Amino acid sequence: MNLKEVLRNTIKEAVKSTYEVELPEVEFQPTRKDFEGDITVVVFPMLRYVKGNPVQIGQQIGTYLEKTVDAVSSFNVVKGFLNIVIDDSFYLDFFNGIKDRADYGYVTNASSEAILVEYSSPNTNKPLHLGHIRNILLGYSVAEILKASGKKVYKTQIVNDRGIHICKSMLAWQRFAPIGNDDKRETPNTTLNPHLTKGDKFVGYYYVQYNKEYKRQLKKISENAQIEFKELVEEAKISGKWDFINHENPNLLRLQKAFQSAMTEYLSVELDMNPSELKTKDNYISDFTLTENSKQDQEILELKSRFRGISKKFNFIEGNIKNLSNKEEKKIIQICLKHIEQVVEIFESAKEMLRKWEAGNTEVVALWKKMNQWVYDGFDVTYNNLGVDFDKLYYESDTYLLGKDVVADGLEKGIFYKKDDGSVWIDLTDEGLDEKIVLRSDGTAVYMTQDIGTAIQRAKDYTDIGGMVYTVGNEQDYHFKVLFLILKKLGFSWADSLYHLSYGMVDLPSGKMKSREGTVVDADDLMEDMTTTAANISEELGKLEGYSETEKLGLYQMIGLGALKYYILKVDPKKRILFNPEESVDFQGNTGPFIQYTYARIQSILRKAEAGEQEFDIESLKSLRLHEKEKELIKQLQLFPETIQLAAENYSPALLANYTYDLVKEFNSFYQQVSILGELNQDKKVLRVQLSKKVGEVVQSAFKLLGIEVPDRM
RNA sequence: GGUGGCAUAGCUCAGCUGGAUAGAGCACCUGCCUUCUAAGCAGGCGGUCCUAGGUUCGAAUCCUAGUGCCAUCACCA
């Protein structure tokens, strides 16, 4: 039984004996620094059950505790706060009990039910960036924390290896990759571009090439269309016939069609009508037939003119969408872009390639395998540098067809329903959500179908699964709400323990990161920058004499990564992070390197301490007073196990990061105010050495859960 | 427009289930390396906890309304 429980029971006893009432709960808090004491009991909540003066009640309880509980040495009451002073011997006993436990804080007997933690889950058409880094660090850390809290954990990801995105890279490579002396197109191994030898960078480069070509074609269509339009006008002037609405110019037709469908989409969203409904309004196509008396017709007219006005701004030149301040303009231009994409040749070709892939075309599949493998080789390097791993990988190409049977099954059970066009939906309006599609009318799977299938597959693969954690950005909150509800309705036992580890976006000062617009912070580059910064600072301080160059490099990486990881993990997951690459991550104050530094300091002391300084005589120490800083340190150490549990319950590495910072801050204060090796009393000296050692161990344990290593020197 | 999230010092963030005078770091100012690593320590400056109501012994924390920012509401993934 820990001290809090003893106190709680005794306080209830005290109240019962003096006031004859049963207290349901006792509220504790750490005593504030400006009052004497270690633990404070708040008397106010008791007033609901005990009538009287809070100060008097506090006095009575305090007296009772002082008499009954050995660990309580004295107390004082300020207003409604009963401050209890705990005897030094209690802290000494406590420390003596944990000092040799290497796994202090961890719960080691794993529960029988396992939790599966999914994180990273990238697309395979481009390299990892800062956004992925947050995802990966969070997922990895939460997995480690859950493990330490006594859960069995499987780490996994689902690799998004199929779809139009990878086909775009494949197509661009086929078209644009230079051919070498061996008569073959360049590969990451043969490329002459030093930036592309890493496979994911290589494939990402061709994704960019695709987009360049796409924009080129778009621009050309636009220019041609303008010329052709002028020609039509000239012709009309001569012939006098202005009805070229019905011309047959293919370029113009394609564009018109695209804008027309863009407008339809815009109107249907704005008016909350579905497109077919909109089309049945016979007045939809031409303004002339609108009645103008109907309110809705007027609204349509207004929206149409707004759409036309804004879509004129669409100039096809390198998307500056993000610079548009007007929300509506941005929306309309985006819809236009989406529809116009459909009429560009290279997009058609990419879609064709995807069709071939789905049909199992051997050539396409071989290319797909080859390019994905390049990406995986590249990802492995990044994962390795980040120091994270996975127990099992799932590939979307294996799982995207899963789930259809489940949908069919659910349809039979009446959980889903079929619309006239054959698409399958679930009605979640009772839960306050909308209707959601789970199968397209052509019978193909949507994202949701696949996620249902994958979840079930995982539960089959790991029969001991009791829950799953999905590390995915908060932009998908709605998706997971729906997914979990569906799985619950399907009646799976583990469906109650699904958790969406939803985190805020990483924003740059310039706004959101967009890979298509090239405003991303590359993961590899970032790690390298951090290492360089660490190296510069280290060299300036020059404390590493005797280290070889490789040792130094390893240390710089450790510190640079420590800075980056801590910087990201110390923030509450659900909050967004503003990352300013210009100002780079700090190495002082509440940072990873500061904590690593303290660890190195401790190791330095331990190296200097003599071999015999392992055991102290606890009884003789009890006759001496603990230094205030020693006591504070022990108190902070005491919190470690519950902090791990709290971090696990909340899926929040930030709680652990902040705990570690507090511990280390307390230690540095102790270190600078109290002499450790210079202490004359042998027992005290050993106690301080042991205390330092334990702090070092806890720092190391805590940082391990954050995926951060600690150095012996720095 | 509907739904969800966020809003705390100039900046970046803590603040556990409501508790004492709201805390750190960075930046700025003042001290401290002849003794265990100064990536440190000690101190100073800095607050309308977005706004307005409410709940109660007590609200940064809970409730309601409003404001601002972000996300989401596709037979996209």
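1. Contact range. A contact means heavy atoms within 4.5 Å. Take the contacts in chain A between residues at least 6 apart in sequence: 71% of these join residues at least 24 apart.

2. Basis. This is a predicted model, in which local features need pLDDT of at least 70, side-chain atom pairs count only at pLDDT 80 or more, and totals for chains, interfaces and linings use all residues. Residues are numbered from 1 along each chain as its sequence is written, chains are lettered from A and ligands numbered from 1 in the order in which they are written, and side-chain values use heavy atoms, with hydrogens and water left out.

3. Overall make-up. Chain A has 24 helices and 15 strands. Both are DSSP runs numbered from the N terminus: helices are H or I with at least four residues, strands are E with at least two. The C-alpha trace spans about 115 × 70 × 45 Å along its principal axes. Of the 714 residues in chain A, 51% are buried. Buried means under 20% relative accessible area, exposed over 50%, and partly exposed in between (1.4 Å probe, protein chains only).

4. Domains. Chain A is divided into domain 1 (3–86), domain 2 (202–347) and domain 3 (404–444). These bounds come from an automatic or database domain assignment. Between the C-alpha centres of domain 1 and domain 3 the distance is 58 Å.

5. Main core. Which residues have the most contacts inside the largest nonpolar core? They are Ile11, Leu65, Leu82, Leu130 and Leu146, in a core of 168 residues. Domain 1 and domain 2 both give residues to this core, so it lies between them. A nonpolar core here is a set of buried Ala, Val, Leu, Ile, Met, Phe, Trp, Tyr and Cys residues joined through side-chain atoms within 4.5 Å. Leaving out residues up to four places away in sequence, Leu65 touches Leu7, Thr10, Ile11, Val72, Leu82 and Ile84. Another core, of 37 residues, lies apart from the largest one; among its members are Ile158, Ile465, Val472 and Ile486.

6. Hairpin β3–β4. Strands β3 (residues 72–78) and β4 (residues 81–86) run antiparallel and are joined by six bridges. Asn76 has Asn83 as its bridge partner in β4. The hairpin has two residues between the strands, and Lys79 takes a positive phi near 50° there.

7. Sheet β8-β9-β10. This open sheet of three strands has antiparallel pairing. Two strands pair if DSSP finds at least two bridges between them. The edge strands, β8 (417–418) and β10 (435–439), each pair on one side only. Two bridges join β8 to β9 (residues 424–427).

8. Helix α22. Which residues of α22 (residues 640–649) are buried? They are Phe640, Thr643, Ile644, Ala647 and Ala648. They cover an arc of only 135° around the axis, which puts them on the same side of α22. The arc is that of the directions from the helix axis to the C-beta atoms. An α-helix has 3.6 residues a turn, so residues three or four places apart point the same way. The buried residues of α22 pack against α4 (130–148), α21 (628–638), α23 (653–673) and α24 (682–706). Tyr651 follows α22 and has a positive phi, near 50°.

9. Positive phi in loops. Most residues other than glycine have a negative phi. Glu20 is not a glycine, yet its phi is positive, about 60°. Glu20 sits in the loop between α1 (3–19) and β1 (28–30). Ser120 also is a residue other than glycine with a positive phi, near 75°. Ser120 is in the loop between β5 (114–118) and α4. Are these residues buried or exposed? Glu20 is exposed, at 69% relative accessible area, whereas Ser120 counts as buried, at 4% relative accessibility.

10. The unreviewed UniProt entry annotates residues 122–132 as a short sequence motif, the 'HIGH' region. UniProt positions are given in the numbering used here, feature names are shortened, and annotations may be inferred rather than shown by experiment. The span is 27% helix and 0% strand, and its end C-alpha atoms lie 8 Å apart.

11. Glu540. This residue is found in helix α17 (residues 523–541). Glu540 is exposed, with a relative accessible area of 72%. Phe28 is 512 residues away along the chain, and the C-alpha atoms of Glu540 and Phe28 are separated by 47 Å.
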